[in-house]
Amino acid sequence: MSSPTTKQGWLELKNTLVYQDKAWIDGKWHSAYGDETYEVTNPATGETIVTMAACQQQDVDLAVSAAKRTFESGTWSMSSPSHRKEVLKKLAALIRENQDELALLESLNMGKPVADALNLDIPGSAACIEWYAEAIDKIYGDVAPTDANNVATITREPVGVVGAVVPWNFPLDIAVWKLAPALVTGNSVVLKPAEESPHTVLKLAELAKEAGLPDGVLNIITGIGSVAGQALGLHHDVDSLVFTGSTATGKRFLKYSAESNMKQVWPETGGKSPNLIFADCDLDKAVEGAVNGIFFNQGEVCSANSRILVDNKIRAKFVEAFVEAAEKLVIGDPLDPETQVGAIIDQAQVERILAAIETAKQQGAKLVLGGNADLSKRFLHPTIFDQVTPSMDVAKEEIFGPVASIIGFDSEEEAIAIANNSIYGLAASVWSNDISRVYRVSKRLRAGTVSVNTVDALDFTTPFGGYKQSGFGRDLSLYALDKFTQLKTTWIKLS
Ligand code: NAD
């Protein structure tokens, strides 16, 4: 069956949706302890989608004990890699079969254009699961170079119970970046989605059961971060905690670990990524890249290229072309397939972004586009500031919205210094046709990913994560297996 191609088609599908309102523990739907609930709303309309289970400490205990029991039973953790591969490949196929419903739920939960969810988020999640599934029965252990009287093997084992806490900006994708390597290596998982966007991971859990994942291996606790997320972070039976979200919450998880069982904590956190545009680049492509780099997903992207550093020799030309291109973006109803910039996650976030815009104006940045929300305060116009200096708040703080800051530079050295002058180090982009410059500059940028003549280059084949306060450890690629496995040395003395 083909996907809807019109707003009307998506609305018709919306009318058939049944929204889940419970958590998923031990293979069953579960109401929260004390019947506690909270409201999930549609950012584009403000309507309540559903009154959702708000898990409490007691629910987290249940989910963790189900995960622990299943892990220790060995039904999944000790099953063969080829069995896990088949189950996860089936899950990827089921995601593809259910792509329309998943794309719609993603858009309704977080306001992103449904076309992006359908063309990027959902197929990306299926492909990521499939990639790890295909990889797992091709990974070998090592034999250490001991003397002839001994044999020592080095093997990877699952860590046990993995707690995963994820944000709302790519609800399914980022959850899958954690779940795919965690499950394929034999762990049991308790995942807490962001309160705003629980629906696609709940659907995923149901599909995982259909694919053959044993009950208790994947548990989803819906609810509030400071309650359910904190209980998971402090739990003594969680062996590893993988997190994506803000730097402030990432630091909390490090504390939770210190206050409980010293569980491993792997934080992927915020960013203020620089986009360096040199005079010797292809300007049209750089402009197109800069637009995607900051306005895709309403700018609600951890690696968004929010600081655009432009050689002063071409700055005026760049600003003119950048404004012209950003003005053409189609903002509005996420269910309209033409929409390129959807709704902001909630009105509190709109207010925060508007406050950051006000501060930028007061500090002397020159507003050259946007700066305002629509009347409903659900949609923000792409906003561009020129004449930003590195000391202004707009150049330093993560805004997490469609706001670009243009900072001029006069030399390569100055560009590198401005780019690295940040507490964050998640990603960076470099635009230049001089291969020596590209390599020279890339080597000196303190960022986990440097995209050259493109923005936000990302694939499940390459590691993704940050330097500095953007966190540590890497998602994606085989390097992510370090988060979900422990090395076991088995030393055999030969007689
Ligand atoms: P957030 O830190 O507020 O929330 C992330 C998750 O943590 C949510 O599930 C939330 O419920 C939970 N949480 C919140 N407070 C908690 C607490 N006190 N204890 C335990 N759990 C708690 O972040 P957000 O607003 O959902 O997402 C936006 C942030 O995420 C931005 O800073 C963005 O840069 C970052 N992000 C980073 C990456 C990356 O890969 N580095 C990717 C996407 C988003």
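I took the domain bounds from an automatic or database domain assignment. The model is predicted, so I kept local features at pLDDT of at least 70 and side-chain atom pairs at pLDDT 80 or more, with totals for chains, interfaces and linings over all residues. Numbering runs from 1 along each chain as its sequence is written, and side-chain values use heavy atoms, without hydrogens and water.

**Layout.** I found domain 1 at 7–269 + 471–489 and domain 2 at 274–460. Their centres, taken over C-alpha atoms, lie 30 Å apart. I then listed the contact (heavy atoms within 4.5 Å). Domain 1 gives 34 residues to it and domain 2 gives 28.

**Area.** I looked up the buried area, meaning the accessible area (1.4 Å probe) that two parts lose on being put together, summed over both. The two domains bury about 2400 Å² between them, and 66% of that is on carbon and sulfur atoms.

**Charges.** How many salt bridges cross the interface of domain 1 and domain 2? I counted side-chain nitrogens of Lys or Arg within 4 Å of a carboxyl oxygen of Asp or Glu. The rule finds one. I also noted that lysine 7 forms a salt bridge with aspartate 333, with 2.9 Å between the closest N and O atoms.

**Elements.** I used DSSP runs, numbered from the N terminus: helices are H or I of at least four residues, strands E of at least two. On the side of domain 1 that touches domain 2, helix 1 (7–16), helix 4 (99–110) and helix 5 (114–136) give two or more residues. Helix 5 has the largest share, eight residues.
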